[in-house]
Amino acid sequence: MDTPHSEIARESNILDLPIGVYVVAPAGQFIACNRPVRAMLDLPLEGDVRASIAQFYADPKTRGELLRKATEAEARGAYLEKEIIAFRVGARTIYVEDYCKPLRDPTTREIIGYVGCLVDVTAEHEADKRESKLQKRVEELTFDIGRILHANTGTLLMAQQTLDGVAEALGQRALNELNAIPLEEMDEQLIKEATVLANAMEKFLQSTEPERRCKALSDAKWDALTVKIAPLRQVRDLIPGLEMRAPALRATAHQIATICQEMAPGVLPRELVRDVLRAAAQLQNSACLVDVLMTRTAIIQMDSTLRSLRDFITADVRTYEPKKRLSVRQLTNQAITHIAEFARSSRVDIVRRDRDFDTHVEGIERDLVRALSNLLHNAIKYSWQRDRAKAPWVTIRTYAREGMVCIEFENWGVPIAQEEIEQGLIFQLGYRGKWSKDRGRLGTGIGLTDAKRTAQTHYGDLRVASRPSNPGWIRPDDPNYYNQPFVTTVTFCIPEAVRR
Amino acid sequence: MKKPSVLWIEDSARFELRNLVAQLFFGDKYEFSLAEDVTSAIDHLRAREFDAVIVDIRLPPGIDPDWHRLYQQTGFDRVHAQLGLKLLRWLLTRDNSIHPAAPPDWIKPHQIAVFTVESRGEIQQHLDELGITVFRQKSAGLRDTVLFELIDELLARAIE
C-alpha cells in the first residue's frame, strides 16, 4: 500500500517519533502510522496496517465533525489542536488528544488524506472527569448543607421566640428588662427564695405534731421533704455555679410542691401548707426563668454559630457580588446589628470608641460584614465580667493609619496562648483556642480563619495580640498563668479607598 | 449511716446535662462532688476516697501541664484525645507513660462507671482491659434519674 505519502513519512522518519503519528486516507484507512499509534490501537507493531482510524471512533459521527474543524483550522492557517476523541479499542475506551491537518494534492488542492498526532490522555481524562464529578457533588452538597443549616436556624428562631414568651410570662416583665438584670442579681434572688422555702418548710414541720403529720403523708414522703431543707439553705456552697443551681432548684421546688399537694386535706393547718406551696412555686418560677434565659442565650449562640458556618460554607456558591466603595462606619454598624441579640443575651455591652470616625474601603460588603461579625462574636463570647457593678464589655475602635483602615475588637477574658498566635494555629480552619472552652460551647473554628482570608483577599491582614490584664502578677511558667484574664485585641486591617 | 460518696467527672454537667444534677444535690442519698476536667478530678481523687466514680470519656485536661501536653498531642480535641480513657488507664494500670506521677492507690474497677456519648462497642475493648463493667451511653432524651440509676447500679455491684 505504498503511496507517495508513505514514502514521505518514511523518509521523514516520523515513524521513529516518541508520540503517535499517523497519515490516513480521506476515508480513514491508515497509510502510515508509527509504533505508539499501533500500540495505542492494538494494531500490529510491524508491517502494513489494514485498518481504518474511523473504526476506532466510539461515536462514528465525531469523525466528520473533527475533519470539518480541521479544514476550518487549515483555512485560518492553523492545525486542529488538542481535540479529545474517545476511541473504542477492543473492550476498552481510551481518550486521545488529536492534532491534525488535511494533506492536499499540490496541483488540484483536493484533500488526499490527513496527517496528525495522537497522545493517549486516558488517565488524565479520567482524573478530570472524576474531579469534575466530585466538584459537582461538592457543590450539590454545599447547597444541601446550606439548606439544612437554614432550616435549622429557622427552628432555632422558633425555639428562641417561644422562650422569649415563656421568659416574659415567668418574669412578668419585657424581655429587654429581664436581659438587663445581671446574672449575679438573679442568683442572689434564687438563693433568697431557696431560704424562704426552707424556712416555710421548717416552720411547717415545727408547728405540726408528728401524729397528725403521719395522717397527712407517709413517713417516706416526710423524709423526702425534710432532707431538702438543709441543701436549700446551703445551695450556694453546695452547687457550684448558677448554671447548675437553677435547674437543681427548679426540680427540687417542683418535687416539694408535688409532695405537699399529695397531703390529705384537713389534717394539717392549711395556711402553713399554703406558705410552703407558695414559696415552692415562687422558687420554681424564678429558677425556671433563669433556666429559660440561659437556654435562650445558648440558642442564640448556636444560631449565631450556625449562621456563620452557613455563610462560610456557601460563600463560594452564592451569586457574585462586586467590590463596592463602602463606609467603614456602616460596615461596623452592620456587624453590630448582626450580633446585637447575641450580645444582649450574653449580657455583654458593645462599646464604640471611634469618635464618629469614618472613611471608606473598597470591598465585598457581604464578606466584610461576615468577617467583622465573626470577630465581634468571638470578642463577646470570650469576655468575662470585670466589674461586679457593670456588665462585661467589648470595645470597638476604628482608625486609619498609613493608608490602612483598622477595625479593632478588644475583650477582657479568655486568653489566647502566645504560641497559638506565633505558630498561626488560631488561623487554621477548625482550630479552637486552647483556653476558649470556658463557656462550655464550642465555636465553629472558622471565625478567625475566615476573617484573615477576607482581610487578605482585600489586600490587608488580621493581627491578634493577647496579654495578661495585669502583666507580671503571674509568671508565664506558672500553671495558673492562663487562668487569669487576658486583654485580647484582634485588628482587621484593609487599605483605605482613595478619597474622592 | 454514712452516705456513699460519689464523684462525677463530667465537663458538660453545667450545660447539656444540668438537669441530671438536681437529684444528686438534693437527694440526700449521696455525698456528691463534681469535677469538670482531668486535673480537678485527680485533685478530688487524691483528697479522699469515693464509693462511686462516674467518668466521661471526652474530657478537657485542666491546668496540669502533663495532661495538657497529652491533650495538645491530639490537636486540642476532646473527641480524639479521649482523656477520660487515659485517666482510667492511668488510675487502674498505673501506666506512668500517661502521667509521671503515681495515681491514688485506693481506686478499683468496681468503683468506676463510664457515662459517655461513645457507644459501648466503640470502647468495649478498653473497658474489658480495665475491668470496668458499668457503662451507660449518653443520648438524647435521657431521664433525669439516669445518673441516680447508674450510681445505684455501681454501688450494688460493689457490694456483690
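Reader: Which residue in strand 3 of chain B stands opposite L7(B)?
Author: L7(B) stands opposite V53(B) in that strand. A strand here is a DSSP run of type E with at least two residues, a helix is a run of H or I with at least four, and both are numbered from the N terminus.

Reader: What kind of model is this?
Author: It is a predicted model, in which local features need pLDDT of at least 70 and side-chain atom pairs count only at pLDDT 80 or more, while totals for chains, interfaces and linings use all residues. Residues are numbered from 1 along each chain as its sequence is written, and chains are lettered from A and ligands numbered from 1 in the order in which they are written.

Reader: How many bridges join strand 1 of chain B to strand 3 of chain B?
Author: Strand 1 and strand 3 (residues 52-55) of chain B are paired in the parallel sense over 4 bridges; two strands pair if DSSP finds at least two bridges between them. Strand 1 of chain B also runs parallel to strand 2 (residues 31-35) of chain B, with 5 bridges joining them.

Reader: Is strand 1 of chain B mostly covered or mostly exposed?
Author: Strand 1 (residues 5-9) of chain B is mostly covered, with 4 of its 5 residues buried. Buried means that 20 or more other C-beta atoms, placed from the backbone, lie within 10 Å of the residue's own.

Reader: What is the order of strands in the open sheet of chain B?
Author: The 5 strands are ordered 2-1-3-4-5, with parallel pairing. At the edges lie strand 2 and strand 5 (134-137) of chain B, each of which pairs on one side only.

Reader: New topic: how many residues does each chain give to the contact of chain B with chain A?
Author: Chain B contributes 16 residues and chain A contributes 21, where contact means that two C-beta atoms, placed from the backbone, lie within 7 Å. On the side of chain B, helix 1 (residues 22-26) gives the most, with 3 residues.

Reader: And how do helix 6 and helix 11 of chain A cross?
Author: The axes of helix 6 (residues 183-206) and helix 11 (residues 242-261) of chain A come within 11 Å and cross at roughly 30°. These axes are lines fitted to C-alpha atoms over the stretch in contact, and angles run from 0 to 180 degrees between N-to-C directions. The two helices of chain A are therefore roughly parallel, a term used for angles under 35 degrees.

Methods. A residue is buried if 20 or more other C-beta atoms lie within 10 Å of its own, exposed if 12 or fewer, and partly exposed in between; C-beta atoms are placed from the backbone. Angles under 35 degrees count as roughly parallel, over 145 as roughly antiparallel, 65 to 115 as roughly perpendicular and the rest as oblique.
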